[in-house]
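Okay, everyone, thanks for making time. Let me put the chain up on the screen, and then we'll go through it together.

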Amino acid sequence: MKKYVFLFMLPLLFSACGGSRNAANFPYAQIEYRYQSMSKVEVAGVNFKDLKSSSNPLTASKIAAAILTNTLPVVCTINLDVRNPNMQSALLDGFQYILYIDNIEMTRGQANQALQVPANNISTLPLTIAFDMKQALNGQSSDVLKNMAFNFAGIGAQPANITLKIKSRMLIDGLVAPKAGYIPIMFSYGIGSN
């Protein structure tokens, strides 16, 4: 009879001793991020994903003219594969990011978008980022700015080396997972790349 009482009291003992249910008490694998593609690349109002002809002189002149103004707006959508290797579903519930092009920080921010990733599956996260390249390259020559803008747009002499750092808030099986630091995702975009 005493055995049954003890087994009945065991769950109460664990909850009283801080054995509350949270993700730190359950083993799980780290969510993985991988670059998939860029579905939007816009520099100075020109959408380069729609323009397959990089030899259009109006395109280059529009960017060159924007370099002479106070701003050089850039908007891109980076599509990431988010892999959940766990046996439970995961919910990406917002994240912070830092974007670098050729090792220069362009922008940082946060997104409150949610993404459900089923157990042992991959989902696509489209992340749209807008920034002012001229502000990020403050103090650089117009040639440096032009080369970086052309490379990023895919019409330069070489691809742009991009690093996107992500720090996410993740729920696994309804539990808040412990936060990891920023996870770097590195890829090239432009001539000879996706």
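So, contacts along the chain, meaning heavy atoms within 4.5 Å: if you take those with a separation of 6 or more, 74% of them are between residues 24 or more positions apart. Before I go on, a word on where this comes from: it's a predicted model, where local features need pLDDT of at least 70 and side-chain atom pairs count only at pLDDT 80 or more, while totals for chains, interfaces and linings use all residues. Residues are numbered from 1 along each chain as its sequence is written, and side-chain values use heavy atoms, with hydrogens and water left out.

How much of the chain is buried? Out of 194 residues, 38% are, where buried is under 20% relative accessible area, exposed is over 50%, and partly exposed is in between, with a 1.4 Å probe and protein chains only. As for the surface, the chain exposes about 10,900 Å², and 55% of that is supplied by carbon and sulfur atoms. Those areas are Shrake-Rupley values with a 1.4 Å probe, and for residues only the protein chains shown count as cover.

On to the charged pairs. We call it a salt bridge when a side-chain nitrogen of Lys or Arg sits within 4 Å of a carboxyl oxygen of Asp or Glu, and the count comes to 4.

One of them joins glutamate 32 and arginine 83, with the closest N and O atoms 3.0 Å apart. Glutamate 32 is in strand β1 (residues 32–43) and arginine 83 is in strand β3 (residues 73–84), so this pair ties together parts 51 residues apart in sequence. Glutamate 32 is partly exposed at 38%, and arginine 83 is partly exposed too, at 35%.

Next, arginine 34 and aspartate 81, whose closest N and O atoms are 2.9 Å apart. Here again strand β1, holding arginine 34, is linked to strand β3, holding aspartate 81, across 47 residues.

Last one from me: glutamate 105 pairs with arginine 108, closest N and O atoms 2.9 Å apart. Glutamate 105 is partly exposed at 30%, and arginine 108 is exposed at 51%.

Conventions
Helix = DSSP H or I, 4+ residues; strand = E, 2+ residues; numbered from the N terminus.
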